[in-house]
Amino acid sequence: MPSLNEYQKKMVEKYHYLINKFINDYKTITLSEHYDLLAIALCESAMQYDEDKGAFIPFACMKMKTAIIMDNRKLSLIHISEPTRPLY
């Protein structure tokens with residue numbers, strides 16, 4: 001993953017509060033389990049943001065929401081089904 005430039009680092013610092021806001025708005029996720037995922041999404045948002053295409057906050061929130069959805073999809077693919085017959 002490429003490094004953030006100074007402008008992008010300042011954006012991440014300025015909008016870091018979005019991680020906590022996001023977690024408070026979506027009661028099904030927790031800070032301890034999802035902070036790293038949301039922090040990476042916020043950094044990616046800062047790197048990919050284009051001022052000509054709109055405001056940063058909706059863009060970052062959509063990236064964070066997408067990160068959670070993709071993580072949940074990965075977890076559902078790992079789901080272990082119940083055995084079809086008793087194990088004993």
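Tutor: Before we start, a term: a crossing of two helices is left-handed if the near helix is turned anticlockwise from the far one by less than a right angle, and right-handed if clockwise. This is a predicted model, where local features need pLDDT of at least 70 and side-chain atom pairs count only at pLDDT 80 or more, while totals for chains, interfaces and linings use all residues. Residues are numbered from 1 along each chain as its sequence is written, and side-chain values use heavy atoms, with hydrogens and water left out.

Student: OK, how many helices and strands does the chain have?

Tutor: Four helices and zero strands. Both are DSSP runs numbered from the N terminus: helices are H or I with at least four residues, strands E with at least two.

Student: At what angle do H1 and H3 pack?

Tutor: About 135 degrees, and the axes of H1 (residues 6-14) and H3 (residues 31-48) are 9 Å apart. That makes H1 oblique to H3. Axes are lines fitted to C-alpha atoms, for helices over the stretch in contact, and angles run from 0 to 180 degrees between N-to-C directions. Under 35 degrees is roughly parallel, over 145 roughly antiparallel, 65 to 115 roughly perpendicular, and the rest oblique.

Student: And is the crossing of H1 and H3 left-handed or right-handed?

Tutor: Right-handed.

Student: Which residues in H1 and H3 meet?

Tutor: From H1, Gln 8, Met 11 and Val 12; they meet Leu 42, Cys 43, Ala 46 and Met 47 in H3. Contact here means heavy atoms within 4.5 Å.

Student: Is Gln 8 buried or exposed?

Tutor: Gln 8 counts as buried, because its relative accessibility is 11%. The cut-offs are under 20% relative accessible area for buried, over 50% for exposed, and partly exposed in between (1.4 Å probe, protein chains only).

Student: What does Gln 8 touch?

Tutor: Ser 3, Ala 46 and Met 47, if you don't count residues up to four places away in sequence.

Student: New topic: how many disulfides are there?

Tutor: Zero, from a search of the whole structure; the test is a pair of cysteine sulfur atoms within 2.5 Å. As for cysteines, Cys 43 is buried at 18% relative accessible area, while Cys 61 is partly exposed at 26%.

Student: Where is Lys 65?

Tutor: In helix H4 (residues 56-77). Lys 65 is partly exposed, with 36% relative accessibility.

Student: What is Lys 65 in contact with?

Tutor: Phe 22 and Tyr 26, leaving aside neighbours within four places in sequence. Lys 65 and Leu 38 are 27 residues apart in sequence, and their C-alpha atoms are 8.4 Å apart in space.
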